[in-house]
Amino acid sequence: MNYLAHAYLSFNDPEILLGNMISDFVKGRDQYGYPQRVQLGIRLHRAIDQFTDTHAATQQLKSFYRPQYRLYSGAFADVTYDYFLANDPLEFASEQELGSFSKHAYQLLSNQASLFPPKFDRMFPYMQSQDWLQGYRSTGGIRQSFGGLVRRSRYLNESDIAFDLFLQHLGEMQACYNAFFPSLKKFAADHFAELSNS
């Protein structure tokens with residue numbers, strides 16, 4: 001999951017942020033047990049995922065990972081997108097700006113910890129202490145994120161090849177991000193406004 005993108009596309013709204021970050025841990029009708037704006041964040045997350053999965057640039061990005069990782073190519077692509085977002089000067093002008101954003105996001109989430117679903121509740125201390133959001137900015141952080149993806153998966157047993165593919169195709173993957181993220185940002189903003197007004 002591209003945690004940085006979902007946090008960033010929550011538009012500094014605490015409840016939207018919570019819903020956006022916990023969505024993958026909330027199944028079925030459980031979403032209706034959350035406050036209304038948290039539910040909107042869950043719905044926004046799912047709309048972002050659908051937009052991302054069907055975008056032509058994402059299909060191109062996944063193609064670099066697909067021969068080796070098949071169904072998991074999308075998960076590696078998500079992490080890859082977060083690397084380019086973390087390094088995008090149009091979104092985060094400096095490493096310090098990304099760091100400030102990350103700390104603020106952790107604080108907004110911590111303030112709502114009583115609403116965390118169990119799996120997110122167990123994961124969040126690691127996210128915060130290891131500063132996953134800031135970590136997406138470095139290639140070392142991406143390597144660690146790929147490793148974490150493998151540890152949480154059922155069928156993968158290595159991520160070294162994925163990291164080699166990431167480094168090998170960095171320029172081509174950057175082009176995929178450049179073709180993708182502006183359209184995603186507009187989609188998310190429009191969808192957020194639509195949900196807020198519904």
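This is a short tour of a predicted model, one stop at a time. Residues are numbered from 1 along each chain as its sequence is written. Local features need pLDDT of at least 70 and side-chain atom pairs count only at pLDDT 80 or more, while totals for chains, interfaces and linings use all residues; side-chain values use heavy atoms, with hydrogens and water left out.

**Whole chain**

Start with the protein chain in cartoon view. It shows 11 helices and zero strands. Helices (H or I, at least four residues) and strands (E, at least two) are DSSP runs, numbered from the N terminus. The C-alpha trace spans about 45 × 35 × 30 Å along its principal axes. The radius of gyration, taken over C-alpha atoms, is set against a globule rule of 2.2 Å times the number of residues to the power 0.38. For 198 residues a compact globule would come near 16 Å, and the protein chain agrees, with 16 Å.

Next, colour by burial. Buried means under 20% relative accessible area, exposed over 50%, partly exposed in between (1.4 Å probe, protein chains only). Buried residues are 51% of the 198 in the protein chain.

**The core**

Select Tyr65, Phe76, Met127 and Phe146. In the largest nonpolar core, of 63 residues, these touch the most other members. Helix 11 (residues 170–197) gives this core its largest share, nine residues. A nonpolar core is a set of buried Ala, Val, Leu, Ile, Met, Phe, Trp, Tyr and Cys residues joined through side-chain atoms within 4.5 Å.

Now centre on phenylalanine 76. Contact means heavy atoms within 4.5 Å. Leaving out residues up to four places away in sequence, phenylalanine 76 touches Tyr65, Tyr69, Phe146, Leu149, Val150, Leu156 and Ala162.

**Threonine 58**

Go to helix 4 (residues 56–69) and pick threonine 58. Threonine 58 counts as buried because its relative accessibility is 2%.

Most residues other than glycine have a negative phi.

Select arginine 70, in the loop between helix 4 and helix 5 (73–86). Arginine 70 is exposed, at 63% relative accessible area.

Finish at aspartate 131, in the loop between helix 7 (118–129) and helix 8 (132–135). Aspartate 131 is partly exposed, with a relative accessible area of 23%.
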